[in-house]
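Subject: The structure we talked about

Hi,

Here is the structure I promised to send over. Have a look at it first, and then read on for what I found in it.

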2 protein chains.
Amino acid sequence: MNRVGIVGYANTPFTKEEQKIESILHNSANQLFKNNLKIDKKLIDSVLVSTNNNSKYLSAILSEMVGIQPKIAHSIESLCNSGTNSIVSAFSYISSGLAEMVLVTGAERVDSPGQILEWDNSRGEFKHPIFWASMFSKSYKQEFNISEEDLAIVSVKNHKQAQKNPNALSKKTYTVDDVINSKKLTEDLRLLDCSRPCSGGASILLASEQLCKKISDNPIWISGIGQKTTSAGFTKNESLFSMTSTKQAGDTALKMANKNISEVDVAEIHDAFSVCEPMALDALGFTKPGEGMNLIKKLHDTDNFMINPRGGLIGCGHPLGATGISQTIEIVKQLQQSAEDRQVNNPKLGLVHNMSAAATSSTVLVLEK
Amino acid sequence: MNRVGIVGYANTPFTKEEQKIESILHNSANQLFKNNLKIDKKLIDSVLVSTNNNSKYLSAILSEMVGIQPKIAHSIESLCNSGTNSIVSAFSYISSGLAEMVLVTGAERVDSPGQILEWDNSRGEFKHPIFWASMFSKSYKQEFNISEEDLAIVSVKNHKQAQKNPNALSKKTYTVDDVINSKKLTEDLRLLDCSRPCSGGASILLASEQLCKKISDNPIWISGIGQKTTSAGFTKNESLFSMTSTKQAGDTALKMANKNISEVDVAEIHDAFSVCEPMALDALGFTKPGEGMNLIKKLHDTDNFMINPRGGLIGCGHPLGATGISQTIEIVKQLQQSAEDRQVNNPKLGLVHNMSAAATSSTVLVLEK
């Protein structure tokens with residue numbers, strides 16, 4: 001399999017403002033070109049858009065706006081992991097030889113239609129994601145004797161870390177009490193346990209090994225890819241306190257990269273809700289089942305930004321189509337030692353975990369210098 | 001580049017009925033499994049959905065409905081050539097080694113939101129595709145001294161050919177007079193010059209060379225792929241009587257397949273409107289500029305089904321996300337000598353042309369036994 005590297009990126013601020021989807025796409029891609037003045041747009045032969053927005057032909061529209069005439073151009077949607085699905089698509093285009101350089105731009109409006117899955121009748125009337133998150137929270141707490149104070153630490157930690165990320169939606173830190181006393185959405189979920197919808201964009205540029213070496217001093221390589229969809233409703237998880245698709249995607253990605261989870265120095269984890277972070281750490285093998293919270297507490301106590309350095313979805317906000325790309329960019333920056341105040345100590349190996357709809361599908365990427 | 005073959009397919013009838021998008025997807029994929037009872041679903045490791053429908057997570061939903069737990073799963077949208085974009089994506093997943101067997105299912109409802117492109121301000125108030133088709137018709141007629149009677153033959157031919165295709169929307173033949181006397185939409189366009197929106201689905205199964213040889217007696221190989229997006233508005237065509245993106249996509253696909261256009265025995269051409277067929281024949285090099293109608297007339301007079309044997313978009317109807325897949329299936333059937341009453345004489349090489357929005361983007365596939 002031909003190697004594929006990341007040679008450029010741009011994050012734009014995540015915000016509660018209503019913005020036009022075309023503007024979000026354009027601002028993000030434009031910022032990428034400003035960040036990488038040496039990139040010759042003519043070499044970009046594919047443009048993929050990651051979004052849940054209902055507008056059509058956005059990839060051709062973005063291409064026209066930034067002055068690219070690509071070969072391959074289309075939109076990709078898979079709810080909350082549209083972003084990493086698009087990155088994997090770009091990888092496959094390059095690895096197969098159909099493309100040399102692919103621009104992937106994710107964008108979402110604060111009112112994204114992807115925030116509620118109309119189809120999932122296994123949830124009865126409870127189509128909003130807070131209901132599966134609530135069931136996960138109750139189950140995880142019961143199974144592993146975790147308290148709501150414990151889970152609140154995820155939110156406290158990720159809001160804290162987001163303060164070091166100028167593009168994050170969160171501009172405040174919170175205490176455990178703040179989280180527990182925030183608006184009660186269900187018996188097991190408070191407002192501050194949730195990531196928030198927002199407008200946001202993120203762009204990343206992938207290239208073939210040959211091209212990477214020509215145009216970049218420090219490309220980051222995608223060495224592992226794992227994906228798994230178990231179902232569309234959430235009833236096919238092995239249990240309500242584990243993430244089957246995440247486990248399988250993680251195993252596949254690490255195997256492809258020929259690495260062990262213990263070698264991962266920094267990771268972006270899909271904390272759509274606070275309970276998702278320990279559950280994903282368990283599923284990926286960072287911790288034994290039920291021990292994810294212990295690792296999170298330890299990292300929080302020592303100000304170690306190893307997990308979700310940019311602030312996670314809870315700290316950054318969650319513009320669905322942009323999230324997986326923004327997560328990947330953070331790992332690229334960490335591996336390039338350019339993550340400013342949130343830099344983890346000399347990381348060599350990074351991991352991205354991005355999932356959809358109660359972990360019914362997951363993508364895991366392994367990235368290396 | 002690893003070879004990729006087509007090992008299964010299913011067309012379902014195109015209809016004016018309103019159907020649920022999930023039902024269209026399910027019926028189509030289910031028919032594929034009925035047509036190919038030997039296919040082990042467990043070997044299908046990716047599921048791609050091609051559609052302009054606004055529903056989200058359709059690939060996971062389809063996967064759950066047919067009992068597949070894929071690695072890769074997402075929806076792909078690029079207006080009218082979503083179908084071939086999805087096939088090219090499947091090709092790249094297999095060719096890169098990320099997947100072994102990919103199910104691609106296209107589906108559209110008769111009320112598809114992809115029928116009007118809101119964004120294209122270069123068209124002023126004229127967002128509906130009949131306006132660009134009208135301008136193309138006027139320009140092509142003026143430039144090459146073509147009459148409206150000439151163009152009407154495209155519709156007459158394709159409705160005639162559709163009568164041999166039980167899945168086609170058209171159940172009637174028409175005369176040149178019928179076309180010219182059908183409802184006047186613009187000065188240069190009559191109702192019967194247009195393909196019609198409809199509900200419809202189409203599924204195709206692609207596999208690696210190794211797997212193809214194991215499970216199929218007569219796989220059809222995708223030997224050439226070409227894609228090009230020139231813009232989102234239609235103002236970047238070289239002229240209003242030529243298709244720049246089609247020319248470039250065709251050249252790329254033929255070069256990849258190491259073939260000349262003269263070697264093509266059967267072709268599906270994206271006749272969204274009657275003028276598109278001669279324009280595409282010119283752009284692909286079947287004919288010199290302006291001579292596409294001569295070939296069409298000759299084929300029509302001799303009952304030669306070489307171009308658009310299934311009846312084209314005008315005869316079959318145009319369920320956007322399914323069209324490119326249905327076109328590809330027709331070429332597969334022709335090459336497998338299983339196209340029943342519309343079989344072309346012993347074809348060895350086939351071509352698919354699928355485009356979007358005034359030929360602002362085009363995909364061309366070359367298929368071989």
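Before the details, one cut-off: a residue is called buried here if 20 or more other C-beta atoms lie within 10 Å of its own. Please also keep in mind that this is a predicted model. Its scores are ipTM 0.96 and pTM 0.97. For chain A the mean pLDDT is 95, and 98% of the residues in that chain reach 70 or more.

With that cut-off in hand, let me start with helix α5 of chain A, residues 148–162. This helix is mostly covered, as 12 of its 15 residues are buried. The buried ones are A:Asp150, A:Leu151, A:Ala152, A:Ile153, A:Val154, A:Ser155, A:Val156, A:Lys157, A:Asn158, A:His159, A:Gln161 and A:Ala162. What do the buried residues of α5(A) pack against? Their partners are α4 (129–144), α6 (176–180), α9 (276–284), α10 (292–301) and α11 (312–316) of chain A. The length of α5(A) agrees with expectation, because 15 residues at 1.5 Å a residue should span 21 Å and the end C-alpha atoms are 22 Å apart.

Helix α1 of chain B (residues 21–35) also has 15 residues, and from first C-alpha to last it reaches 21 Å, close to the 21 Å expected. In α1(B), the buried residues are B:Ile21, B:Ile24, B:Leu25, B:Ser28, B:Ala29 and B:Leu32. They lie on the same side of the helix, because they cover an arc of only 115° around its axis.

Strand β2(B) is worth a look of its own. Five of its five residues are buried. B:Ser46, B:Leu48 and B:Ser50 are on one side and B:Val47 and B:Val49 on the other, so that both faces are covered. β2(B) runs parallel to β3(B), and five bridges join the two strands. In this pairing, B:Ser50 stands opposite B:Ile76.

Now for the contact between the chains as a whole: 50 residues of chain B are in contact with 50 residues of chain A. On the chain B side, the elements that give two or more residues are α2, β3 (72–77), α3 (82–96) and β8 (220–229). α3(B) provides the largest share, eight residues. By class, this side of chain B has 18 nonpolar, 25 polar and seven charged residues.

A:Ala322 has its place in helix α12 of chain A, residues 320–335. Is A:Ala322 buried or exposed? A:Ala322 is buried, because 32 other C-beta atoms lie within 10 Å. Leaving aside residues up to four places away in sequence, A:Ala322 touches A:Gly83, A:Gly106, A:Ala107, A:Glu108, A:Gly200, A:Gly201 and A:Ala202.

Happy to go through any of this with you.

Best wishes

Technical notes: Residues numbered from 1 in each chain as written. Chains lettered and ligands numbered in written order. Predicted model: local features only at pLDDT ≥ 70, side-chain atom pairs only at ≥ 80, totals over all residues. pLDDT = per-residue confidence, 0-100. Helix = DSSP H or I, 4+ residues; strand = E, 2+ residues; numbered from the N terminus. Expected span 1.5 Å × (residues − 1). Arc of directions from axis to C-beta. Contact = placed C-beta atoms within 7 Å. Nonpolar A, V, L, I, M, F, W, Y, C, P; charged D, E, K, R; others polar. Pairing = 2+ DSSP bridges.
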